[in-house]
Amino acid sequence: MSERLFGTNGVRGVVNEDMTSELALQMGKAIGTVMGGTVAVATDTRASADMIKTAVSAGIMSTGINVLDLGVLPTPALQYYVKTHDNIKGGVMITASHNPPQFNGIKCVSSDGTETSRKEEEKIEEQYQKNIRCAPWNMIGDMSRIKGAGEEYVDAIISNVDAEAIRKADLKVCIDCANGAAYETSPLLLKKLNVRTITINCNPQGEFPGRPSEPTEENLKDLLSLTRSTRSDLGIAHDGDADRCVFITNDGKYVSGDKSLALLSKYILSKKKGLIVTPVSSSSLVKETVEDSGGTVEYTAVGSPIVARKMIETGAVFGGEENGGLIFPEQQYCRDGGMTIAKMLECITKEGPLKSQISKLPVYYTVKKKIDCPDDMKKYVLEYIASESQGAKIDNTDGLKITFDDGWILARPSGTEPAFRIFSESKDEETAKQRAGKYEGLVIEHLNQWFK
Ligand code: MG
């Protein structure tokens with residue numbers, strides 16, 4: 001069996017330690033061999049972007065395959081380009097998404113623009129282990145630089161929302177791109193929708209990330225106060241590669257990804273009834289809101305490619321994750337931060353301010369814990385928790401989801417980091433906190449026993 005390279009979101013590592021130019025070159029050769037036709041490549045704004053991109057591209061070209069260099073783009077803009085250009089057999093995004101700046105990663109995209117399936121990844125991993133035969137000197141691939149992919153993406157988004165209504169609403173927003181991949185496309189999208197825009201961390205020459213690139217409440221302090229002090233209708237923040245997007249209300253309150261997923265589900269279901277797909281880690285808020293709006297929820301394991309594939313399979317009307325990664329089938333089957341902005345603008349234009357819409361949603365309390373856990377220990381921790389939870393109502397879709405009368409716990413090994421995650425939810429805040437603490441304790445207890 002070949003060595004596993006891909007995690008939940010591509011191949012990631014610390015640059016020049018495990019994410020090296022040698023690895024990128026060999027990955028490029030494997031990708032060229034497996035994709036077998038023109039490959040489009042884009043990057044986010046990390047310091048190592050050019051090094052990894054040129055190494056991957058050299059590897060691809062050495063196998064006789066042409067490379068289209070699309071420059072700096074959000075991941076969904078690369079995916080949209082691959083999906084809509086018939087001559088392209090696949091895409092490669094050089095990004096480590098929300099990881100700290102010392103990381104970078106390689107994410108592969110299939111010819112339909114979706115993230116590659118596990119089966120395709122295995123083919124690349126298998127090639128990676130081989131001594132790959134290169135093309136003869138006169139048949140190596142070439143590289144073309146393509147301009148305008150970002151604007152094609154923005155225009156497609158605009159065609160998929162009620163742009164006229166948004167333009168007439170005279171909205172004002174603050175946006176924080178973490179100096180990441182959407183620094184150009186998201187402000188352009190807002191400009192084309194006639195939205196007055198105040199930007200923060202939208203400078204590609206600035207340091208990446210302009211703030212820690214995971215768009216959590218703690219990391220968005222500047223945006224929270226800017227949104228409030230400028231009396232904007234909305235605050236908007238992306239992660240590093242802008243496949244995700246979270247919002248701030250006009251009074252500077254952070255809106256979790258669960259809430260925007262629930263709210264947009266409600267809005268979309270008001271126009272078209274159907275299925276909403278989301279991983280088992282999402283708040284019950286989503287299920288309750290969807291069912292109240294006449295829809296149904298289908299749960300999957302965690303990971304956006306899994307959600308996207310389930311949506312294709314079931315013809316779902318909408319789907320997404322609790323971290324602000326939302327998928328709109330009318331645009332494409334992948335998380336799309338730009339599309340999320342436009343749909344939320346349409347939603348507040350038609351249904352009123354975000355703050356008042358959020359206040360009508362049912363209230364759940366979710367506590368999330370992350371505990372450092374070596375990769376080779378994850379399996380044992382999971383077994384230990386299962387053995388401590390006998391007799392409980394357990395769902396094994398991903399990790400362990402244990403349902404109680406007044407809430408649930410999800411215990412699962414992270415697919416991207418040496419860590420174990422605990423999610424605890426209840427309508428009662430104390431219960432959610434206590435239970436999170438209890439299960440965090442179980443993980444730590446087992447790790448301590450092991451290392452004693
Ligand atoms: Mg991302």
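1. Asp-251 counts as partly exposed, at 21% relative accessibility. The scale runs as follows: buried is under 20% relative accessible area, exposed is over 50%, and partly exposed is in between (1.4 Å probe, protein chains only). The partner of Asp-251 is Lys-355, and their side chains meet in a salt bridge at 3.4 Å, N to O. A salt bridge here is a side-chain nitrogen of Lys or Arg within 4 Å of a carboxyl oxygen of Asp or Glu. The pair links distant parts of the chain, 104 residues apart: Asp-251 sits in the loop between β10 (245–248) and β11 (254–255), Lys-355 in helix α13 (residues 354–359). Lys-355 is partly exposed too, at 44%.

2. A word on the basis. This is a predicted model, in which local features need pLDDT of at least 70 and side-chain atom pairs count only at pLDDT 80 or more, while totals for chains, interfaces and linings use all residues. Residues are numbered from 1 along each chain as its sequence is written, and side-chain values use heavy atoms, with hydrogens and water left out. Helices (H or I, at least four residues) and strands (E, at least two) are DSSP runs, numbered from the N terminus.

3. The structure holds 33 salt bridges. One of them joins the side chains of Lys-343 and Glu-330, at 3.7 Å, N to O. This pair also links distant parts of the chain: Lys-343 belongs to helix α12 (residues 337–351), Glu-330 to the loop between β15 (326–327) and α12, 13 residues apart. Lys-343 is buried, at 7% relative accessibility. Glu-330 is partly exposed, at 36%.

4. Asp-406 and Arg-435 form another salt bridge, with their closest N and O atoms 2.7 Å apart. Asp-406 lies in the loop between β18 (400–404) and β19 (407–413) and Arg-435 in helix α15, so the pair ties together parts 29 residues apart in sequence. Asp-406 is partly exposed, at 37%. Arg-435 counts as buried, at 14%.

5. There is also a network. Salt bridges link Lys-107, Glu-115, Asp-243, Glu-321 and Arg-335.

6. Arg-211 deserves a look. Its place is the loop between β8 (196–200) and α8 (221–229). Arg-211 is buried, with a relative accessible area of 7%. A polar atom of the Arg-211 side chain lies 2.8 Å from the backbone oxygen of His-238. (A polar contact is a pair of N or O atoms within 3.5 Å; within protein, one must be able to donate a hydrogen and the other to accept it, and residues adjacent in sequence count only if both atoms are side-chain atoms.) Residues up to four places away in sequence aside, Arg-211 touches Asp-176, Cys-177, Ala-178, Asn-201, Asn-219, Leu-220, Ala-237 and His-238. Contact means heavy atoms within 4.5 Å.

7. Asn-179 is in the loop between β7 (172–176) and α7 (185–192). Asn-179 counts as buried, at 5% relative accessibility. A polar atom of its side chain lies 3.0 Å from the backbone nitrogen of Asn-203. Beyond neighbours within four places in sequence, the contacts of Asn-179 include Thr-45, Asn-201, Cys-202, Gly-206 and Phe-208. Asn-179 and Lys-168 are 11 residues apart in sequence, yet 29 Å apart in space, C-alpha to C-alpha.

8. What is buried in helix α5 (residues 149–159)? The buried residues are Ala-149, Gly-150, Tyr-153, Val-154, Ala-156, Ile-157 and Ile-158. Their cover includes β3 (67–72), α3 (75–84), α6 (163–168), α7 and α12.

9. Now the cysteines. A disulfide is a covalent bond between the sulfur atoms of two cysteines. The working rule is a pair of cysteine sulfur atoms within 2.5 Å. By this rule the count is 0. Cys-108 is in no disulfide, the nearest cysteine sulfur, that of Cys-334, being 15 Å away. Cys-108 is buried, at 2% relative accessibility. Cys-373 is buried as well, at 2%.

10. Last, the surface. Tyr-380, Trp-450 and Phe-451 form a nonpolar patch, with about 350 Å² of accessible area together. Patches are made of residues with over 30% relative accessible area and no salt bridge; like charges are joined within 9 Å, nonpolar side chains (Val, Leu, Ile, Met, Phe, Trp, Tyr) within 5 Å. Accessible areas come from the Shrake-Rupley method with a 1.4 Å probe, and for residues only the protein chains shown count as cover. Trp-450 is part of helix α15 (residues 429–451). Trp-450 is partly exposed, with a relative accessible area of 47%.
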